[in-house]
Amino acid sequence: MSTAAPDTTISSTDLKEDLIHHLSITLGRDQHSANSRYRALALAQTIRDRLMVHWKNTHAAYYQKDCRRAYYISLEFLMGRAMGNAIINLECLNAVREALGELDLALEDLIEEEQDAGLGNGGLGRLAACFLDSCATLQLPVMGYGIRYEYGMFRQQIENGHQVEEPDHWLIHGSPWELCRPEYQQRIPFKGRTEFFHDTQGNLRIRWADTEDVVALPYDVPIPGYNNGTVNTLRLWRAQATEVFGLHDFNRGDYTTAVRTKNEAENISMVLYPNDQSENGKELRLRQQYFLASASLQDILRRWTSVHGKDFSNFADKNVFQLNDTHPTVAVAELMRLLMDVYGQSWEQAWNITTATMAYTNHTLLPEALEKWSLALFRHLLPRPLEIIMEINARFMRTVANKWPGDGNRQARMSIIEDGPQPQIRMAYLAIAGSFSVNGVAELHSQLIKDGLFRDFYELWPEKFNNKTNGVTQRRWLAWCNPEFKQLLEKHIGSEWITDLSAMRALAPLADDKGFRKRFAEVKEANKQRLADLVECECGVTFSTDAMFDVQVKRIHEYKRQLLNILHVIHLYNRIKRGDTDNWTRRCVLLGGKAAPGYAMAKAIIKLCNNVAEVVNNDPDVGDLLKLAFLPNYCVSAMEVIAPGTDLSEQISTAGKEASGTGNMKFMMNGALTIGTLDGANIEMREEVGAEHFILFGLSADEVSSLRAHYNPQEAIDACPELQDVLALLRSGHFNALEPGIFDDIISAISEWGDYWMVAADFASYIAAQEDAARRYRDQENWVRSAILNCAYSGKFSTDRTMQDYNRDIWKLEAVDPRQ
């Protein structure tokens, strides 16, 4: 990777002149009509101008060098705000601040005008965004493909403690960062039927006829590398009808029918993850997945044939597709369809290309989270891809039978088509059969998918399976979001860490430097104040920076065990009420995250958190000893404030259930200590920093597995007086006096319904670990030392390293410097 000197051509004078030009001429504003939003737009266009030159040069370089390319296909890209990332990667922050200062403007005020791009939900989408940033910084020719959701997932409001979903119209004012490319639109077929026909050479072939097509319109977003002249592309597809409305119906006054086709088409890119509790919701999700796969593959094949014609002899040498989780895995069947039905390849030719170019990343150990679609729905919506999947499965079953003759049980377990009253297509199995690489995202996760989830496939194809531990980009998650710490690092260890996070190891000796510890603590204090201000503004709860900031922010799910955290807060509340406060560590607990709209238990946990917070925060006996807040509408820009201000990071999933986690890494590199189980990437984080700087509790994955067969949660409850007291307080209705019975399901999930997520089993260990964390925090000198060491040993968890691993083992791309 090239490490050029800072781009001195970006001057504050030029930035100021261009900003004034865009505000006055491009946007047509004057002193009477300009406001912060228009000034922010003018700044965005000023920055985009600088990106555009590099963007065009990068695109040209890839064509000129005819390089091997990778395509990252993901249903989510949780990009966050683009402005700060672009400024950091252009390394023009000082020039921007100087230009704005001359205009009496503050960058922070303009940044706040930008909406978070609503293109993802949680770790999966944020990981994809970090991946693209690192690929551009490493100058790897990688292009992202996703969907341009009009409304994102939803905007979370809290009303009377309940989650309420409101539309997240993040595009209400448009986006200055995107570039519409109508010349590259694609037509996506649905429904219809298949038929045999003879082509002009007399060959018998199949075509998909009488389809209901949707147009995929591409919008390109620039992805700048760090100060290296590279700007890669994220292409997002918007769904449109082939005809905007039926003029005949409109003229008859039937306005609803006139626009029905338009509305049905546009629904595909309207909302991320529509609620799939209904059949219509299921159909829309499948439409989204196929729409993304087909549009992206058609676009890639268009690009290939524009240069090479229909010669696919070295297509696999020049292209590789990375499927980000199971959502886009219909791409296996779609690539086969396009190669055979559109470009005339034989089955064998198409299968050889497909299995040499497709690579699959698994992100979950939860079988219920793997995509499965009913055969009936697939036949109705995607009849031609279904025929291809059936043929893939028939040939695959012969492979299995040849490997294990007569083993009908294994064949049934491995079949892509799951038999039953309503046969299902197991999309993860299709991905494994059609890919040359299958990777997990942490060492434990990768081992567990080989030992359990995909064991049969591993025994058939061990060479396909590999691990690629996740990471995050330090440019957004340290350089941008923690500017005071960035300055401290540059003063003491330089700036090499911005492109090589392993350089943070130079911090380790400074952990024993009292002066450095003091300055580090001052930076943390300032960051805690920023976080306290956010909590005060959004939650109306006052956090004192003298207290430990104990934080768990992530998607709400039972396996992530936000419930365990809330039960611990109730335990602390119990202690305060009975006067057990000797050697007390004041604690401010912050939770945040969205629950899927159809996930009743997750929404009940949010309600419980808010009800407990209402009691705890208003009890005069508690005072400043304990605070609890639930931050609504958790998002990337909120995390940019949260990560630098956190003392204790809660990574407390049931062992064996979290694939990796990436929030844990953001907290680590910003100097938080982790309290966690031996799950996901926690294990590797603990190995890197040392056991004494990680607060461990709970059962291991092996222990969970061994215990599950004979687990009786009541025995765990009986053995833990603290848990008994917590459950007794819950049952008494202390937190829901005016809403009787609303938490009965939560109580039953722990005590009567088997406690699948091992909350009771781990509770005693958890509160002991929390007491250890409190004791450590009271010893501030050693706490700060541990915090510095967590930063120092976070180097493994950069996506720069992750992308180098993907490239070395899977993609095998050569870096391309567009400046040469």
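I looked up Asn466 and found it in strand S17 (residues 465-467); strands are DSSP runs of E with at least two residues, helices are runs of H or I with at least four, and both are numbered from the N terminus. I noted that this is a predicted model, in which local features need pLDDT of at least 70 and side-chain atom pairs count only at pLDDT 80 or more, while totals for chains, interfaces and linings use all residues. Residues are numbered from 1 along each chain as its sequence is written, and side-chain values use heavy atoms, with hydrogens and water left out.

I then checked the surroundings of Asn466. Ser437 lies 29 residues away in sequence, with 7.4 Å between the C-alpha atoms. Ser437 is also among the contacts of Asn466 beyond four places in sequence, as are Val438, Gly440 and Ile810; contact means heavy atoms within 4.5 Å. The side chains of Asn466 and Lys468 form a polar contact of 2.9 Å (a pair of N or O atoms within 3.5 Å, one able to donate a hydrogen and the other to accept it; residues adjacent in sequence count only if both atoms are side-chain atoms).

Next I turned to helix H4 (residues 93-102), where Ala95, Val96, Ala99 and Leu100 are buried (under 20% relative accessible area with a 1.4 Å probe, protein chains only; exposed is over 50%, partly exposed in between). These residues cover an arc of only 130 degrees around the axis, so they are on the same side of H4; the arc is taken from the directions from the helix axis to the C-beta atoms. Among the elements covering them are helix H1 (12-26) and helix H2 (36-65).
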